[in-house]
Each structure stands twice: as structure tokens, then as C-alpha cells.
Amino acid sequence: MRTFLDAYGFEDEGRRGFGERVVARVEAERDMHDRAGRFTSPGSWLHLEIDWLKAHADTIDRYVESST
């Protein structure tokens, strides 16, 4: 995360809600896999990643907002 922020940075408004945007992006990737016929079963790495990101979205936001 730190390397990403160092490389790309964010405007202040881009930092708010970053964790939720990451979750939405990963959920969209899961949906894309499903539409392509590569269904991901509950308990797969992708579902576990989404669950972890959802549980830690606020922590991600706090980290991103504090990294200036």
C-alpha cells in the first residue's frame, strides 16, 4: 500500500472511501469471473479476500488518509 501511495499519490478527496472502492473493485472482478463462466465458490481465495477487505476497509481508509 505504501509503495502504491508513493508512486501514485492521491488528492485528499481521493483518500476518503478508498477502502470501500477497493472492495467494490474486487467484487467487480469476482462478478467478471462469474460472467465468464469461471464461478468462484464461497470460501475461495477471492471470496476470502473480499471478506477480509470488507472487515478492514475502515483501517485501510485511516491508513490512506494519514499517509501524506
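K54 counts as partly exposed, at 46% relative accessibility. Partly exposed lies between buried, under 20% relative accessible area, and exposed, over 50%, with a 1.4 Å probe and protein chains only. The model is predicted: local features need pLDDT of at least 70, side-chain atom pairs count only at pLDDT 80 or more, and totals for chains, interfaces and linings use all residues. Residues are numbered from 1 along each chain as its sequence is written, and side-chain values use heavy atoms, with hydrogens and water left out.

K54 has a charged partner. Its side chain meets that of E27 in a salt bridge, 3.0 Å from N to O. E27 lies in helix α3 (residues 18-35) and K54 in helix α4 (residues 45-66), so this pair ties together parts that are 27 residues apart in sequence. A salt bridge here is a side-chain nitrogen of Lys or Arg within 4 Å of a carboxyl oxygen of Asp or Glu. Side chains of opposite charge can pair when their charged atoms come close. Searching the whole structure gives 2 salt bridges. D31 and R30 form a salt bridge too, with their closest N and O atoms 3.3 Å apart. D31 is partly exposed, at 31% relative accessibility. R30 is buried, at 18% relative accessible area.

Now step back to the whole chain. There are 4 helices and 0 strands. From the N terminus on, the order is α-α-α-α. Helices (H or I, at least four residues) and strands (E, at least two) are DSSP runs, numbered from the N terminus. The chain has 68 residues, and buried ones make up 29% of them. The accessible surface comes to about 4,800 Å², and 55% of this belongs to carbon and sulfur atoms. These areas come from the Shrake-Rupley method with a 1.4 Å probe; for residues, only the protein chains shown count as cover. Among contacts with a separation of 6 or more, 58% join residues 24 or more positions apart. Contact means heavy atoms within 4.5 Å.

Return to α3. This helix has 18 residues. From first C-alpha to last it reaches 26 Å, close to the 26 Å expected at 1.5 Å a residue. That expected span is 1.5 Å times one less than the number of residues. Which residues of α3 are buried? They are F18, G19, V23, V26, R30 and H33. Seen down the axis of α3, they fall within an arc of 150 degrees, so they line one face of the helix. The arc is taken over the directions from the helix axis to the C-beta atoms. An α-helix has 3.6 residues a turn, so residues three or four places apart point the same way. On the other side of α3, R25 and R35 are exposed. After α3 comes G37, with a positive phi near 90 degrees.

H33 belongs to α3. H33 is buried, with a relative accessible area of 18%. Leaving aside neighbours within four places in sequence, H33 is in contact with R38, F39, T40 and L46.

The largest nonpolar core has 8 residues in all: F18, V23, V26, L46, I50, L53, I60 and V64. The elements giving two or more residues to this core are α3 and α4. α4 gives the most, with 5 residues. A nonpolar core is a set of buried Ala, Val, Leu, Ile, Met, Phe, Trp, Tyr and Cys residues joined through side-chain atoms within 4.5 Å.

Beyond its neighbours within four places in sequence, V23 is in contact with L53 and K54. D51 lies in α4. The C-alpha atoms of D51 and V23 are separated by 8.8 Å, though the two are 28 residues apart along the chain. D51 is partly exposed, at 48% relative accessibility.

E49 is also placed in α4. E49 is partly exposed, at 33% relative accessibility.
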